[in-house]
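Here's a quick briefing on a single protein chain. Have a look at the fold, then read on.

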Amino acid sequence: MNEPVIDLRSDTVTRPCANMMQAMQDAEMGDDVYGEDPTVNRLQSKVARISGHEDALFFPSGTQSNLAALLTHCNRADEYIVAQTAHTYKYEGGGAAALGGIQPQPMERNPDGTLDPERIQKLIKEDDFHFARTRLVALENTTGDGMAVSASYCQEIRQLCDRNGLALHVDGARIFNAAIKLKVDVVELTRHFDSVSICLSKGLGAPVGSVLAGSHEFINNARRWRKVVGGGMRQAGIIAAAGIYALDHNVSRLSEDHANAEYLATKLSEFSDLSIEFGGARTNMVFFRLKNGNHDEFASYAESKGVLFTGRDPVRLVTHKDLDKSDIDLALERLGEYFA
Ligand SMILES: Cc1ncc(COP(=O)(O)O)c(C=O)c1O
């Protein structure tokens with residue numbers, strides 16, 4: 001494999017920078033299960049404030065944070081309405097069903113990343129003992145394919161949930177990418193929800209960790225579920241410090257990832273053997289399809305040249321803080337040799 005390897009598989013592959021490592025080393029710590037880790041408490045207060053919620057809770061992963069949210073909102077034989085392609089439904093091992101007896105009601109997503117409000121309304125089940133009780137709508141922002149969903153849409157779904165007595169959760173693993181893309185304060189994207197899960201270990205570049213925000217009552221209940229699923233951590237300040245560093249230093253720079261993705265999409269579109277999906281980059285993601293259909297051959301070739309990505313048809317490339325424009329140029333040069 002050629003060096004350096006250009007890893008475009010995900011924004012989860014970033015490594016903590018030296019300053020982040022220093023912040024971790026300097027972190028004050030205590031036992032967080034007793035609520036005594038000052039750094040974790042600081043991170044939680046910070047996320048609560050930034051997201052416009054009363055309280056927040058630190059989790060080891062986004063999957064566990066989403067799971068605790070679903071378990072908190074829904075009882076056994078309740079259901080939640082969710083996109084077919086959403087991470088909470090498709091990529092979290094059916095955790096809500098397995099551990100909470102919660103039935104998903106998946107639905108098709110619109111190309112713009114939204115769930116059609118009229119369709120949601122039709123899927124809400126009547127109060128009838130034959131049916132599961134519809135309790136929750138779960139959105140995603142950005143969506144798995146990098147689409148930023150607008151604040152006005154979030155507000156519309158809030159109103160729909162209020163009319164129907166439903167709770168509203170957002171998997172905001174990349175909500176700061178959405179805020180940067182839409183040029184809004186992140187609170188505009190988080191305040192409409194009863195709960196929001198934010199990942200620190202994606203574009204923000206922390207090694208691990210997610211934070212769930214909501215009301216005091218919601219977070220107290222989520223804390224019980226976090227314990228049940230084994231997410232109560234002890235001297236977690238060492239990783240919370242990385243999260244604080246990420247929020248302080250790595251939010252506005254997400255625009256560089258978006259610019260690199262746009263550059264990558266523009267340059268790739270010059271190769272006639274492929275077609276760029278969605279007409280260009282979406283936040284920090286680029287998708288393309290090969291016209292000749294030799295997806296496996298192309299992926300093996302790219303890997304042998306030290307360019308890593310996921311997906312075959314389409315291919316997915318994700319930009320992040322450990323790749324600058326010169327890395328993108330190098331990836332383009334190596335991929336270009338395949339098309340030459
Ligand atoms: C949209 C989305 N939500 C949630 C998660 C889960 O995060 P984690 O890998 O920390 O469990 C991911 C991970 O890639 C994701 O892309």
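In which sense do E3 and strand E4 pair, and over how many bridges? E3 and E4 (residues 103–107) pair in the parallel sense, over 5 bridges. A word on provenance: this is a predicted model, where local features need pLDDT of at least 70 and side-chain atom pairs count only at pLDDT 80 or more, while totals for chains, interfaces and linings use all residues. Residues are numbered from 1 along each chain as its sequence is written.

**Overall build**

- The protein chain has 14 helices and 12 strands; these are DSSP runs numbered from the N terminus, with helices being H or I of at least four residues and strands being E of at least two.
- The radius of gyration of the protein chain is 20 Å, which agrees with the value near 20 Å for a compact globule of 340 residues. That figure is taken over C-alpha atoms, and the globule rule is 2.2 Å times the number of residues to the power 0.38.
- Along the principal axes, the C-alpha atoms fill a box of roughly 60 × 50 × 35 Å.
- Of the 340 residues, 47% count as buried (20 or more other C-beta atoms within 10 Å of a residue's own; 12 or fewer is exposed, in between is partly exposed, and C-beta atoms are placed from the backbone).
- Take the contacts between residues at least 6 apart in sequence: 74% of them join residues at least 24 apart. A contact here puts two C-beta atoms, placed from the backbone, within 7 Å.

- Strand E3 (residues 78–83) has 5 of its 6 residues buried, so it is largely enclosed by the rest of the structure.
- On the E4 side, Ile-81 has Gln-105 as its bridge partner.
- E3 also pairs with strand E5 (residues 133–140), in the parallel sense over 5 bridges, and there Val-82 has Ala-138 as its bridge partner. Pairing means that DSSP finds at least two bridges between the strands.

**Helix H8**

- With 6 of its 8 residues buried, helix H8 (residues 175–182) is largely enclosed by the rest of the structure.
- Those buried residues are Ile-175, Phe-176, Asn-177, Ala-178, Ala-179 and Ile-180, and their cover includes strand E6 (167–172), helix H9 (187–190), strand E7 (195–199) and helix H12 (254–268).
- Just after H8, Lys-183 takes a positive phi of about 55 degrees.

**H3 against H10**

- Helix H3 (residues 62–73) and helix H10 (residues 216–228) have axes that come within 9 Å and cross at roughly 115 degrees. Axes are lines fitted to C-alpha atoms, for helices over the stretch in contact, with angles from 0 to 180 degrees between N-to-C directions.
- From H3, Ala-68, Ala-69, Leu-71 and Thr-72 meet Phe-218, Asn-221, Ala-222, Trp-225 and Arg-226 in H10.
- The residues of this contact divide into 6 nonpolar, 2 polar and 1 charged (Ala, Val, Leu, Ile, Met, Phe, Trp, Tyr, Cys and Pro count as nonpolar; Asp, Glu, Lys and Arg as charged; the others, Gly among them, as polar).

**The E9-E10-E12 sheet**

- This open sheet has 3 strands in the order E9-E10-E12, with antiparallel pairing. Its edge strands, E9 (274–276) and E12 (315–318), each pair on one side only, and the twist averages 30 degrees from one strand to the next.
- E9 pairs with strand E10 (residues 285–290) over 3 bridges, with Leu-290 as the bridge partner of Leu-274.
- H12 lies across E9, E10 and E12, running at about 20 degrees to E10.
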